[in-house]
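Please consult the sequence and the structure as you read.

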Amino acid sequence: MLKMDSHIHSEYSPDSNSKIDDILKKAKKENIDIIAISDHNTVDGTSEVLKKTRNTDILAIPSIEISSTQGHILGFGCEENIPKELSPQETIDKIHDLGGLAIIPHPYCFYRHGLLCEDDNENLKIDAIETKNARFIVGYCNSKAKKLSIKQNIPSLGASDSHYWKFVGDCYSLIDCEKDINSVLKAIVKGKTKACGKGTSNILLAKYLFEKNILKKL
């Protein structure tokens, strides 16, 4: 089993200032085998991490977090930008056209644009959902996502959703696959994954947000 953090934000996301090099150092420290830089509406971070992980022990999967009209969707395995503000099904179709997987991050978290907050979207061709997203307060959204995963037999993933490199690996997936992109994608589709990890410390998160948004402006 390999250890994977499939949802990490870098400085290419407007709400993160994490350098790719710092993310890679933390991933190595946490013994993570596979990572994905899933920045908001851009693959610039993916392009950088793919270059920096060549001939290293860490496998980088191309990825992007797309803002659809109803919520966020990960284009896992996509190396090209996908337009934002498309309908969920249009977004998913674009992802599949590029050979990627449509993964729903934090599906029930309304303050982070969870896709399933207002509509279950039962007819969408979802490939996997996050049932352990590290950025939670009480865990209700993760619990609800896990129930949906079991009820509809949707593959389950864990991810840090880290916007600060020190939180990489707080949640992660154990995945039964070879260390190559196609093997990872196939293993997710087949449900050969287990969501693991813990929530990011709300105290450390509040400290980071204070330093990022308040102290730097003083």
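Predicted model: local features only at pLDDT ≥ 70, side-chain atom pairs only at ≥ 80, totals over all residues.

Q: Why is Thr-91 called buried?
A: Thr-91 has a relative accessible area of 0%. Buried means under 20% relative accessible area, so Thr-91 is called buried.

Q: Which residues does Thr-91 touch, not counting residues up to four places away in sequence?
A: Thr-91 touches Ile-66, Ser-68, Ile-73 and Leu-86. Contact means heavy atoms within 4.5 Å.

Q: In which helix does Thr-91 lie, and which residues of helix α3 are buried?
A: Thr-91 lies in helix α3. In α3, which spans residues 88-97, the buried residues are Pro-88, Thr-91, Ile-92 and Ile-95.

Q: Against which strands do the buried residues of α3 pack?
A: The buried residues of α3 pack against β4 (65-67), β5 (72-76) and β6 (101-104).

Q: What follows α3?
A: Gly-99 follows α3, and its phi is positive, near 80 degrees.

Q: Which element gives the most to the lining of the largest pocket?
A: Helix α4 gives the most, with five residues. The lining comprises 20 residues, divided into seven nonpolar, nine polar and four charged.

Note on methods
Residues numbered from 1 in each chain as written. Heavy atoms only, no water. 1 Å grid on protein atoms, 1.4 Å probe; cavity = no way out; pocket = protein on both sides within 12 Å on 5 of 7 lines; lining within 4 Å. Helix = DSSP H or I, 4+ residues; strand = E, 2+ residues; numbered from the N terminus. Nonpolar A, V, L, I, M, F, W, Y, C, P; charged D, E, K, R; others polar. Buried < 20%, exposed > 50% of the residue type's maximum accessible area, 1.4 Å probe, protein only.
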